[in-house]
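Dear colleague,

Please find the structure below, handed over for your records. The findings for one of its chains follow directly after it.

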Amino acid sequence: MKRSYSLTLFFLFLIWFLGIFIEWFIKIDEQLVFALPFLQKTYSLVCHQEKNKLLLFGGIETLTCARCTGIYLGLLLSSFFVLIKLPRWKLHIKLLLIAAAPMIADVLFASLNIYVYSKLIAFFTGLLLGSTGFFYLYAGLNNLILELKK
Amino acid sequence: MKKYLAAIICGFGAGVLQIVPFVKSFSCCMILPLAAFISLLLDQRATRIFEKIPMKKALIFGLFTGLFAALFGSVFEILITFITKHNDVIASFTDLQRIVQNLPLSEEIKKEILNLFQSVREDILKNGFSLLYTFSVIFNNFIVNSIFGSVGGLIGAQIINSRLNNQSVGK
């Protein structure tokens, strides 16, 4: 994939990720407060936004839960990684399953009250899945571009 | 239309999961990509073609799943709001007030944003309909769902194809 496409992908993930922290940016430009309800609605489509599962820094909450924030950070970090070094390893479904297993286990264990929900565990299990899942998306986009060029 | 039946079914499912009260608490960022993935699997079963899925087809299936999820989701959300005269905006209004009051904003801006939301809230409580809210629902649903659906289609096809043969990235 061309570096310009990878860069575009990185910036798209960056914009999406920064949107989660809109409440921080309102401190910089107060006009952004008008975007807050709209963005809350946007992120509500892809996250349950349960109050007790949102990340909280200095009294300000994220717009997505710890797990989703982890997934999006993982996607962002991996999209940055491909800008530096193109991965050449083989993708196998097992890799995605291994990356998804901790998250699935955490969702199950926390839902069944086997242990108490932890934002930290949710964040890191999401991060693992997001960072791995990106390479499947990247490979998909890469194949799509190759197909379109034919 | 029959060609995209799997996308319609999965889009309907995802749309419902995103909207229906109580059910939507299970909604997360995985719903739409999963719906797109399932639509590809369903299509394979329906057509009985178990070959490698072209990425163009995967993208179109994902996009259609997202668009149908947006269509059903928007219709259900607008209808539920119209019938019950209650929705997220009303439920989260006190939260929004708290957030706005806690933010370091000028009193003028605080008043302006709360007045705007108060008018949307009143419209919904009175008529079950607000133009601004309806526009926000339709715009959000169609943009976000089509993007997440397309992503799900591409990742889903990679997963399905990787079962046929391992692939390398970064060619």
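Chain B of this predicted model contains seven helices and one strand. In sequence order, the elements of chain B run α-α-α-α-α-α-α-β. The radius of gyration of chain B is 20 Å, whereas the globule rule gives 16 Å for 171 residues; the chain is therefore more spread out than a compact globule, its value being well over that of the rule. The C-alpha trace of chain B extends over about 60 × 35 × 25 Å along its principal axes.

As to the interior, 40% of the 171 residues in chain B are buried. Contacts within chain B were also examined by sequence separation. Of those between residues at least 6 apart in sequence, 80% join residues at least 24 apart.

One helix pair was examined in detail. Helix α3 of chain B covers residues 55–84, and helix α7 of chain B covers residues 131–164. The two pack with their axes 7 Å apart and at an angle of about 150°. Because angles over 145 degrees count as roughly antiparallel, α3(B) is roughly antiparallel to α7(B). The crossing of α3(B) past α7(B) is right-handed. As for composition, the residues of the contact between α3(B) and α7(B) comprise 16 nonpolar, 14 polar and one charged.

With kind regards

How values were computed: Residues are numbered from 1 along each chain as its sequence is written. Chains are lettered from A and ligands numbered from 1 in the order in which they are written. This is a predicted model: local features need pLDDT of at least 70, side-chain atom pairs count only at pLDDT 80 or more; totals for chains, interfaces and linings use all residues. Axes are lines fitted to C-alpha atoms, for helices over the stretch in contact, and angles run from 0 to 180 degrees between N-to-C directions. Helices (H or I, at least four residues) and strands (E, at least two) are DSSP runs, numbered from the N terminus. Angles under 35 degrees count as roughly parallel, over 145 as roughly antiparallel, 65 to 115 as roughly perpendicular and the rest as oblique. A crossing is left-handed if the near helix is turned anticlockwise from the far one by less than a right angle, and right-handed if clockwise. Ala, Val, Leu, Ile, Met, Phe, Trp, Tyr, Cys and Pro count as nonpolar, Asp, Glu, Lys and Arg as charged, and the others, Gly among them, as polar. The radius of gyration is taken over C-alpha atoms; the globule rule is 2.2 Å times the number of residues to the power 0.38. A residue is buried if 20 or more other C-beta atoms lie within 10 Å of its own, exposed if 12 or fewer, and partly exposed in between; C-beta atoms are placed from the backbone. Two residues are in contact if their C-beta atoms, placed from the backbone, lie within 7 Å.
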